[in-house]
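Hello,

Here is the structure I promised to pass on to you. Please have a look at it first, and then read my notes below.

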Amino acid sequence: MRKYHVEIYSSTRYDLWNEFVANAKNATFLFHRDFMEYHQNRFEDYSLLVFDDSHELMAILPTNRVGETLFSHQGLTYGGIVIHEKTKLSDFISIAKSVFEYLNTQQFQKIIFKEIPTIYNQIPSNELQYLIFLMQGNLVRRDVLSVIDLKTNFSFSRDRKNGIKRGIKNNLVVKEEPNFELFWNEILIPNLEVKHQAKPVHSLEEIQVLYNKFPKNIRQFNVYQNDKIVAGTTIFESNFVAHSQYISGNSDKNELGSLDFLHDYLISNVFKDKKYFDFGISNENQGKNINKGLLYWKESFGARVITQDFYEVEIKNYILLDNVLL
């Protein structure tokens, strides 16, 4: 089995890392170092780079450590072992073996993988799932994402169509904005506080900084009635997917039809040429419960379920890879 050299990421590898992300088959802008490091004070980064014997970068792992456990970076929505399109399965297994051998020498006990949903891959890339099977990993969480395949004949339900009609009747207007302050301070933060006693994952300052770095990938759409904001959504856009990172409306959203009106505009116009529109999860309690009302709203746009899995793998099980390739 081929051997690879593994090293911990340092700022001297900034350009190399980002160039690799830009050309990987299973990466999005979330793996860019500028995105990963906006909250670097919250996590102990332990990202890895994997080189072959000619010093070519073959794989990266966006990860952080907590004690003797390595995580697919906890500040990101998804992670795993990132590779380029030329990497074949046999190479992937050898790369993984080298990674786990290295982690074993560093006294790590286990790794928690948070897989990247398949819709975000540039081309088929389920190598990680096969690796977890080989290493006898345990499924510890499974979330369900509500996704519209925009290339199919999906349809909106009567409820959603009626909501869109209310939006038209109430003279609602959708605007894309470069500033997140109105949505954050007047809609999102108050709603999360009242409904969930929580705050957005990103502060206003953080999301504004991220937007300034990734203006083509992070987009804010607000809904106005008589020039007053009544709803909005923050979209994370990648090559094939438009993902609603935040969705929120004021207390009149049902009467106004603001969120229905907004998402009709996004799905039918702004992102109609994407492959997928991802509403994200409706799960609570680590995937074990579902917010029934939220799921119904998403599915009534024509969204259907794909899953995102979280796995725990014992580092010592890398020895199980020895005899895979016959």
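**A lysine in helix H10**

Let me start with lysine 298, which lies in helix H10. Please keep in mind throughout that this is a predicted model. Is lysine 298 buried or exposed? At 2% relative accessibility it counts as buried, because the cut-off for that class is under 20%. Setting aside neighbours within four places in sequence, lysine 298 makes contact with Ser146, Phe279, Gly280, Ile281, Ser282 and Ala303. Proline 117 is 181 residues away from lysine 298 along the chain, and their C-alpha atoms are separated by 18 Å.

Lysine 25 sits in the loop between helix H1 (14–23) and helix H2 (33–36). This lysine is buried too, with a relative accessible area of 4%. Which residues does lysine 25 contact, leaving aside its neighbours within four places in sequence? They are Ile83, His84, Glu85, Thr87, Asn121, Gln122, Ile123, Pro124, Ser125 and Glu127.

Asparagine 126 is in the loop between strand E8 (110–114) and helix H4 (127–134). With 44% relative accessibility, asparagine 126 counts as partly exposed.

**The whole protein**

Stepping back, the protein has 10 helices and 17 strands. Its radius of gyration is 21 Å, close to the 20 Å given by the globule rule for 326 residues, so the protein is as compact as a globular protein of that length. The C-alpha trace spans about 65 × 35 × 35 Å along its principal axes.

Of the 326 residues, 54% are buried. Looking at contacts with a separation of 6 or more, 75% of them are accounted for by residues 24 or more positions apart. The protein exposes about 15,800 Å², and carbon and sulfur atoms supply 48% of that area. As for charge, there are 37 positive and 40 negative charges, and their mean positions are 6 Å apart.

**Aromatic rings**

How many aromatic pairs does the structure hold? There are 24 of them. Take phenylalanine 156 and phenylalanine 301: their ring centres are 5.2 Å apart and their planes are at 85 degrees, so the pair is edge-to-face. Phenylalanine 156 lies in the loop between strand E9 (138–149) and helix H5 (158–169), and phenylalanine 301 in the loop between helix H10 (292–299) and strand E17 (304–314), so this pair ties together parts that are 145 residues apart in sequence. Both phenylalanine 156 and phenylalanine 301 are buried.

Another pair is formed by phenylalanine 180 and tryptophan 184, with ring centres 5.9 Å apart and planes at 80 degrees, so this pair is edge-to-face as well. Phenylalanine 180 is buried, at a relative accessible area of 0%, and tryptophan 184 is buried with a value of 0%.

There is also a cluster, in which ring pairs link Phe154, Phe156, Phe221, Phe271, Phe277, Phe279, Trp297 and Phe301. Phe279 has already come up here as one of the contacts of lysine 298.

**Helix H7**

Which residues of helix H7 (residues 204–213) are buried? They are Leu204, Glu206, Ile207, Gln208, Leu210 and Tyr211. What do these buried residues pack against? Their partners are H2, helix H6 (181–196), strand E11 (218–225) and strand E12 (228–237).

**Two backbone angles to look at**

Most residues other than glycine have a negative phi. Histidine 55, though, has a phi near 70 degrees, which is a positive value in a residue other than glycine. Histidine 55 has its place in the loop between strand E3 (48–51) and strand E4 (57–61). At 68% relative accessibility, histidine 55 counts as exposed, because the cut-off for that class is over 50%.

Asparagine 226 is not a glycine either, and has a positive phi of about 55 degrees. This asparagine is placed in the loop between E11 and E12, and is exposed, with a relative accessible area of 68%. Strands E11 and E12 are both among the elements that the buried residues of H7 pack against.

Technical notes
Residues numbered from 1 in each chain as written. Predicted model: local features only at pLDDT ≥ 70, side-chain atom pairs only at ≥ 80, totals over all residues. Heavy atoms only, no water. Helix = DSSP H or I, 4+ residues; strand = E, 2+ residues; numbered from the N terminus. Rg over C-alpha atoms; globule rule 2.2 N^0.38 Å. Buried < 20%, exposed > 50% of the residue type's maximum accessible area, 1.4 Å probe, protein only. Contact = heavy atoms within 4.5 Å. Areas by Shrake-Rupley, 256 points an atom, 1.4 Å probe, with all protein chains shown as cover. Lys, Arg positive; Asp, Glu negative; His and termini not counted. Charge placed at Lys NZ, Arg CZ, Asp CG, Glu CD. Phe/Tyr/Trp six-rings, centres within 6.5 Å; stacked < 30°, edge-to-face > 60°.
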